[in-house]
Amino acid sequence: MASKIPGPSRIATLLGLLPVPFQRFPEFMRRSTARYGNVVAFALPWRSYVFINDPEPLKDMFVTQQHAFSKSLGARVLRLLLGEGLLTSEEPLHRKMRRIVQPAFHHERIAEYERIMERDAREFAEMLRLGEAFDAHAAMMELTLRIASETLFGSDESDSAAAVADALRLMMTEFSAMLTPIGALRQRLPLRNTRRFWRARRALDAIIYDLIARRRRNGTQRVDALSMLLVAQASESAPLSDEQLRDEIMTLFIAGHETTANLLTWTLYLLAQHPDVDARTAAAARAGDRSYLNRVLKEVLRLYPPAWIIGREALRDVTLAGGGFIPRGTTVFAAPLMLHRRPDLFSDPDEFDPDRWLGPEPPPFAYVPFGGGARRCIGDEFALREASIVLQALVSRFRFELAPGARVEIAPLVTLRPAGPVMMGAIAR
Ligand code: HEM
């Protein structure tokens with residue numbers, strides 16, 4: 001247990017978190033921070049944790065003392081699917097790869113991707129059937145997957161969407177189980193889910209290796225991210241192996257569509273419940289007023305941050321500014337989901353109010369939907385442009401209503417998804 005930092009006893013922690021630590025984490029931390037303050041230490045029999053719900057020590061972890069931390073156990077589990085891509089790799093590999101991948105996310109590159117995003121969003125809006133209930137989350141996953149495959153890899157891999165979706169779904173369900181000590185063992189046992197997981201991963205690999213081979217053969221004169229990667233790596237002293245390319249591509253594929261789909265789903269969900277904001281959003285969409293759409297998205301990211309929890313592991317003993325002493329090996333968490341709702345940082349924190357962003361900005365590191373420091377999201381601008389383009393295409397033509405009796409709850413897994421289908425109907429404006 002980290003000394004000096006207060007927190008609940010082991011028994012209280014076990015009772016508060018088991019048997020489903022991930023799902024019970026937000027409520028457990030809400031009670032713990034109310035009782036012990038905004039930096040809390042707790043321990044499970046196999047690991048010690050510190051939870052940071054405060055901008056100052058968070059900045060220390062992200063920036064000032066970033067070298068004292070590695071990615072957490074969560075990233076090690078994600079490696080099963082993503083290999084050593086940007087999201088999961090450690091220094092010095094991470095720094096080298098960030099330099100190689102960065103050009104694919106330059107401002108002018110994103111302007112090129114916008115045309116694809118606009119076309120896909122328009123086609124999606126044209127296919128929506130009025131009056132027929134549809135699952136908004138499934139629909140947004142499909143749309144963002146299509147946009148990701150076309151912008152990142154230049155080809156429409158939506159035929160493979162089922163394989164990708166399958167692997168993702170399994171990854172999510174297996175994820176909390178894999179975080180326990182028997183998790184590592186489970187991965188080696190011939191369990192049904194484990195076998196299905198590896199089968200799905202092999203199918204995904206086959207799609208991606210095929211893309212790489214085709215691109216190596218046919219040249220790289222295209223606007224997509226894979227071509228950029230192939231060009232950028234060619235000037236390195238040692239070109240990248242197919243496996244390294246596969247890891248980066250898989251990372252962009254997964255990180256690039258799931259989070260954005262969640263952002264869009266939560267946006268439609270919130271607009272359905274706030275007719276006043278919805279009407280202003282529609283007017284802004286029709287007038288091409290990007291600033292209001294951006295405020296809406298910024299506010300959705302505050303209330304429902306898709307990356308709701310961010311973890312690190314202390315590589316050595318470290319004392320964080322205002323955060324106390326953290327022994328080596330401790331897993332340190334921050335949860336944008338909770339930080340963004342601190343009443344002393346955001347007034348009426350549970351209110352959905354895009355206009356709050358017209359006022360003064362919150363303190364640095366109080367609002368961190370894309371993380372911070374050297375590991376900050378590389379796709380933040382990409383995601384915001386995509387979400388804004390899709391939102392504009394949808395709300396300028398339709399109003400969305402939750403299906404009667406629909407109950408939407410959060411599922412805090414790897415990302416913050418809705419717990420089940422989000423059944424909605426589209427109504428012409
Ligand atoms: C609303 C959408 C998104 C959200 C909320 C989001 C959030 C985040 C967060 C919080 C991190 C930092 C994780 C950490 O510190 O451990 C991150 C990293 C990352 N994101 Fe995103 N992301 C989004 C969209 C995207 C998109 C569209 C892409 C790519 C197309 C992307 C690619 C990545 C990558 C590669 C990293 C690892 C960066 C590094 O460590 O150098 N993300 N994202």
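The structure is a predicted model, in which local features need pLDDT of at least 70, side-chain atom pairs count only at pLDDT 80 or more, and totals for chains, interfaces and linings use all residues. Residues are numbered from 1 along each chain as its sequence is written.

Start at the ligand, which has 22 residues around it, the closest being G256, A307, G371, C377 and G379. Here a residue is near a molecule if its C-beta atom, placed from the backbone, lies within 6 Å of it. Helix α12 (242-273) and helix α16 (380-395) each give at least two residues to this shell, and the largest share, seven residues, comes from α12. Helices (H or I, at least four residues) and strands (E, at least two) are DSSP runs, numbered from the N terminus.

Now turn to the strands. Strands of a sheet pair through backbone hydrogen bonds, either parallel or antiparallel. Two strands count as paired if DSSP finds at least two bridges between them. Look for β1 (residues 39-44) and β2 (residues 47-52), which pair in the antiparallel sense over six bridges and form a hairpin with two residues between them. Within this pair, V40 has F51 of β2 as its bridge partner. F51 also stands opposite F333 in β8, and β2 pairs with β8 (residues 331-334) in the parallel sense over four bridges.

Elsewhere, three strands form an open, antiparallel sheet in the order β4-β12-β9. β4 (134-135) and β9 (398-402) stand at its edges, each with a single partner strand, so one side of each is left without a neighbour in the sheet.
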